[in-house]
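Load the model in your viewer and keep the selection panel at hand.

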Amino acid sequence: MVSLTINGSKEEVDVDPSMPILWVIRERFGMTGTKFGCGIAQCGACTVHLDGEPIRSCSTPVSAAEGKEVTTIEGIASEDGTLSKVQQAWISEQVPQCGYCQSGQIMSATALLRDTPQPSDEQINAFMRGNVCRCGMYGRIRKAIKVAAGIEQPGQQGAAT
Amino acid sequence: MNETTSTKPSSSKTSRSRAAKWTRRGFIGAGALAGGALIVGVAVRSGNPVGKLKPIVAGGDDEALINSWVKIDADNLVTAIVPHCEMGQGANSTIAQMLADEMDVNWENVRVMDAPADGNYVSQHAARLFVGPGTLPDRPNQVGFMEPTYDGLFTQLGKLAGAYITGGSSSVRSTGQNGMRIAGAAAREMLVAAAAKEWGVPASEIKTQNARLTHAGSGRSEPYSAFAEAAAQQELPRAPKIKQVSEYRLMGTPAPRKDIPSKVDGSAIFGIDGGPDSDDLRYAAVKAAPVVGAQIASMDASTAKGMGGVLQILNMGDFVAVVADSYWQAQQALGTIKTAYTETENDTVSTAKMFAGFSAALDEAGDTGGNSKAEYGDPIDALGGAAIAVEAEYKVPFLAHATMEPMNCTAWVRGGKCDIWTSTQVPLMARDGAAEGAGVNADDVTMHPVFLGGGFGRRLTPEYSNQAARLAKAAGYPIKMIWSREEDTAQDFYRPADISRFKGGLDENGKAVCWNNVHCTEDEPAEAPLIEFYDIPNVSVRNADVEMPVRLGAWRSVAHSQHGFFVESFVDELAHAAGQDPFEFRSAHLANSPRHLAVLEGAAKMAGWGDALPEGHGRGIALVRSFNSIVAEVAQVDMTGNKPRVVKMFCCVDAGFAMNPDGLAAQMESGIIYGLTAAMYDEITLKDGKVEQSNFHDYQMMRMDDAPEISVQIINGAPDNIGGAGEPGLPPAAAAVANAIFAANGTRIRELPIAKHFA
């Protein structure tokens, strides 16, 4: 039995303690926003927060969450449903294409901005390099992080001539 | 698709009175749904560019069909029911935008819903209202796809919804242009007609805007919903008038995508997330024979049997599966199973041997042999008389798609029926695969629409829905089967490897006089290796038949992915041999191709072509026409480190008309990164018949710290001749970078991936 908090809700779960957090939250709690991509912490699609720190949930056993707080993509909006600044910037910059990696991207970006509210390009590159976007929306992710940080104004590109 | 619609014909009389009409563009039908909603549908025949897939989905017909539907609810919300899969390209949102513009509906009032790949939806809920008795086409040969019966017609319409392919960069230019716009225009005309009748005023005096009907003379104004039911009773327009470019209000604007909000809060349901609300759901991990054609000869599952959560261990002949309470438990147990495989003729396949075969085939084809793709002038004679002769050979590897969402499928087989949740670009094909696996009729398979976690051509095959259905049938309860990343990498349908050889000649003024190319892959699309837009008078383009005992598939931009690199690298070599600037050289050969020239000049101008660069940097340019769009890209590469670093990419695109410029720009950005990833890092190799790569550590993805800054500029060069968006950004990328490396330090890259040369 592992005791942990998921998005503010205290839970006890009877699973093999070596089962990765990813499968516990997806299969036992039905929260499917966190995605399976590689299984070996290479792509970041499974990123969640463990006591606020971003971790790759595909490679972190649930025993590591004993007594701790797990936050997933489903848990970062306000209780009244207002999206976080990062989520809002993801919409204003029209970041997602297929969207599969974006929960992980948003969780990483949220952690980055908490510790580094005004990140430089180099800091964004270093922090976000663990999250693969196969649709290649890196430019928009970079811009959205700056918009969420208040460094840049929201706005779309692509005006036709 | 979580929406269900209950339908109730208002009366058999009104059904009869409602004519379904053929226009010169297709078939329009309309009906009223319960609660006063109007539904209008359009079926159109139109050319489909996805060549290789046509026989599979269109039964040998050389045309495909478009179904587009629109629904207006009592609350004045307009729902576009779109027959394409949303795999990231945003096209569903864009074609809804086209519909909304023709209907004069504001974007806020528009919803998008996937067309269900399920005949039952149509027959039970919608299509029965499309066509009343006595309205079947009187010349059935015009509509060979429809059976000459009432129910048969509905069934066929339903199948068409499932037949839809999402590929070939085709959604906007076929479904949008020919289906959605007609449906929107027809719906608008019927609403106007209904209001004109009720208000007793001429239809021509009624204005439509923001989903409202207004008659200035009498001061009347009502939302569309007020006339939705009455509109269903109106005469169907025979040829609805669609807008001129000057009348566009939503088309050509960056309307926000409708699918994005669900993709930032975790609520979007992808294939891997879908499934029945059932406590009986269990999980399967699978491993197929690693060599094409091999079967499981024997397996030792003694360790797996005792592992926690393991329910079933199955030898399925061509793959091994473990079913467990959790996917992770299934995967752990599968990893302990020792498997022996049957011998096959593919056990000795290797990439080295295949490339040797390519070289031998090209040697044999020589300057004139092989299958002719284009021949004009006399390139042999012209080369003999050329002032400068240039020769080069280029090589590209096999590639995997590596969608972020690995292949997966959830299946439930019970009572002669099968339910399927899976990410697929071709719902009908996935359905047929599942039907075969479940041993049920295709009509008894229900496909549940889900988002795709990437497509790129990978999800055009039915093998994974077949696997899941077989497992669910064997298990007797619902099964969620997920491929590991390793399985996904090893069991892909790969972009073909290729070698391409060129001989070109220049006259004393540096003008290209001849072009002779022979390569190996089949060309799909056929235009991929062709260069008729360049003013070169003597041309031969051929391919040689080669053996590739590998699963091959369509990979984003298909043969353009290889030929973009080959052709634009060789054009660059010709330019340098002529002692000319590569941009000037291309410009000089585009005298008869003004749209190509404008795009080339656009990219050069964006990049500041000719301006000084930092020490060790170089610029390269490339121009490719694909899927009816023209794209030029300039790469700026930094060669001061121990490996090339792409710093900036400048992209100019003419896709005819950008229905959603931000969406088109996003597709260019995406295609560029996909192309750069392949150009820089990746190759799939085979040894002893097996793929050697397995996961993202040995099949690398471009990441944030290597991703260049990308600028996109759009030219609307042909508003009536729209091109694709999902693929055309990719083909120029590799050549632009290779050409930039040459400009920086004189190293000519003739083989991809580039990383190989800097290991």
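The tour starts with numbering and then moves through the selections in order.

Residues count from 1 along each chain as its sequence is written, while chains are lettered from A and ligands numbered from 1 in the order in which they are written. This is a predicted model, in which local features need pLDDT of at least 70, side-chain atom pairs count only at pLDDT 80 or more, and totals for chains, interfaces and linings use all residues.

Select chain B and colour domain 1 (12-235), domain 2 (271-344 + 407-482) and domain 3 (351-399 + 494-758); these bounds come from an automatic or database domain assignment. Between domain 2 and domain 3 of chain B, the C-alpha centres are 39 Å apart. Eight residues of domain 2 and nine of domain 3 make the contact (C-beta atoms, placed from the backbone, within 7 Å).

Next, show both chains: 61 residues of chain B touch 51 residues of chain A. On the chain B side, helix H9 (327-334), helix H18 (661-680) and strand S29 (709-715) each give two or more residues. H18(B) gives the most, with 10 residues. Helices (H or I, at least four residues) and strands (E, at least two) are DSSP runs, numbered from the N terminus.

Finally, select helix H1 (residues 21-28) of chain A: six of its eight residues are buried, so the helix is largely enclosed by the rest of the structure. Buried means that 20 or more other C-beta atoms, placed from the backbone, lie within 10 Å of the residue's own. Among the buried residues of H1(A) are A:Trp23 and A:Arg26. The buried residues pack against strands S1 (2-6), S2 (9-13), S3 (47-50) and S5 (69-71) of chain A, together with H9 of chain B. After H1(A) comes A:Gly30, with a positive phi near 65°.

Technical notes
Two residues are in contact if their C-beta atoms, placed from the backbone, lie within 7 Å. A residue is buried if 20 or more other C-beta atoms lie within 10 Å of its own, exposed if 12 or fewer, and partly exposed in between; C-beta atoms are placed from the backbone.
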